[in-house]
Amino acid sequence: MTTVFTKIIDGELPCAKVYEDDLVFAFMDAGQVNPGHVLVVTKTPYETLMDADEESAAAMMRAANRIAKAVQQAFEPEGITILQSNKPAGWQTVPHLHLHVLPRYSNDGVELIWPRKDPGMEKLLEYAARIQLK
């Protein structure tokens, strides 16, 4: 699968590269929400986190950890949001596994609406039983 991110990784499109290793590639998001907004993408073009192997997923988070520390030092934001979305209903706009390292400031206009529900402990236990890992 060819995506805009594979074209960036392959050098077909320009980018402001921040980091690269065998499994991930990180660069400045062209649509900077706030200065220092970085995308961390897997070199293998997995569409979603559920498609990726554990090694690539772990490498993406290791890189995000290092990049978030560097962003914190360079831009001194009040906070940092790490956002990873899957499929259009989950807010994914590019079908290539990636996450955002997004510096945050009070009143920066970035919003995440999270309509909290309270199903109760019985329902939570039922949900947990459905996804138990083996």
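**View 1. Glu 20 and Lys 43 form a salt bridge, their closest N and O atoms 2.7 Å apart.** A salt bridge here is a side-chain nitrogen of Lys or Arg within 4 Å of a carboxyl oxygen of Asp or Glu. Glu 20 sits in strand β1 (residues 17-20) and Lys 43 in the loop between β3 and α2, so the pair ties together parts that are 23 residues apart in sequence. Strands (E, at least two residues) and helices (H or I, at least four) are DSSP runs, numbered from the N terminus. Glu 20 is partly exposed, at 36% relative accessible area. Lys 43 is partly exposed too, at 24%. Buried means under 20% relative accessible area, exposed over 50%, and partly exposed in between (1.4 Å probe, protein chains only).

This is a predicted model: local features need pLDDT of at least 70, side-chain atom pairs count only at pLDDT 80 or more, and totals for chains, interfaces and linings use all residues. Residues are numbered from 1 along each chain as its sequence is written, and side-chain values use heavy atoms, leaving out hydrogens and water.

**View 2. Lys 123 and Glu 126 pair within helix α3 (residues 121-130).** Their closest N and O atoms are 3.5 Å apart. The two residues are 3 apart in the helix, a separation of about one helical turn. Lys 123 is partly exposed at 33%, and Glu 126 is partly exposed at 38%. Elsewhere, salt bridges that share partners join Lys 17, Glu 20 and Lys 43 into one network.

**View 3. Asp 108 and Arg 104 meet in a salt bridge.** The N to O distance is 2.8 Å. The count of salt bridges comes to 4.

**View 4. A patch of negative charge gathers Asp 22, Asp 53, Glu 54 and Glu 55 on the surface.** Patch residues have over 30% relative accessible area and no salt bridge; like charges are joined within 9 Å, nonpolar side chains (Val, Leu, Ile, Met, Phe, Trp, Tyr) within 5 Å. Asp 53 lies in the loop between β3 (38-42) and α2 (54-75). Asp 53 is partly exposed, at 34%.

**View 5. His 96 is buried in the loop between β4 (79-83) and β5 (98-104).** Its relative accessible area is 0%. The His 96 side chain reaches the backbone oxygen of Thr 42 at 2.6 Å.

**View 6. Lys 87 and Trp 91 have positive phi angles.** Most residues other than glycine have a negative phi. Lys 87 has a phi of about 65°, and Trp 91 one of about 85°. Lys 87 is partly exposed, at 48%.

How values were computed. Accessible areas come from the Shrake-Rupley method with a 1.4 Å probe; for residues, only the protein chains shown count as cover. Lys and Arg count as positive and Asp and Glu as negative; His and the chain ends are not counted. The place of a charge is taken as NZ of Lys, CZ of Arg, CG of Asp or CD of Glu. A polar contact is a pair of N or O atoms within 3.5 Å; within protein, one must be able to donate a hydrogen and the other to accept it, and residues adjacent in sequence count only if both atoms are side-chain atoms.
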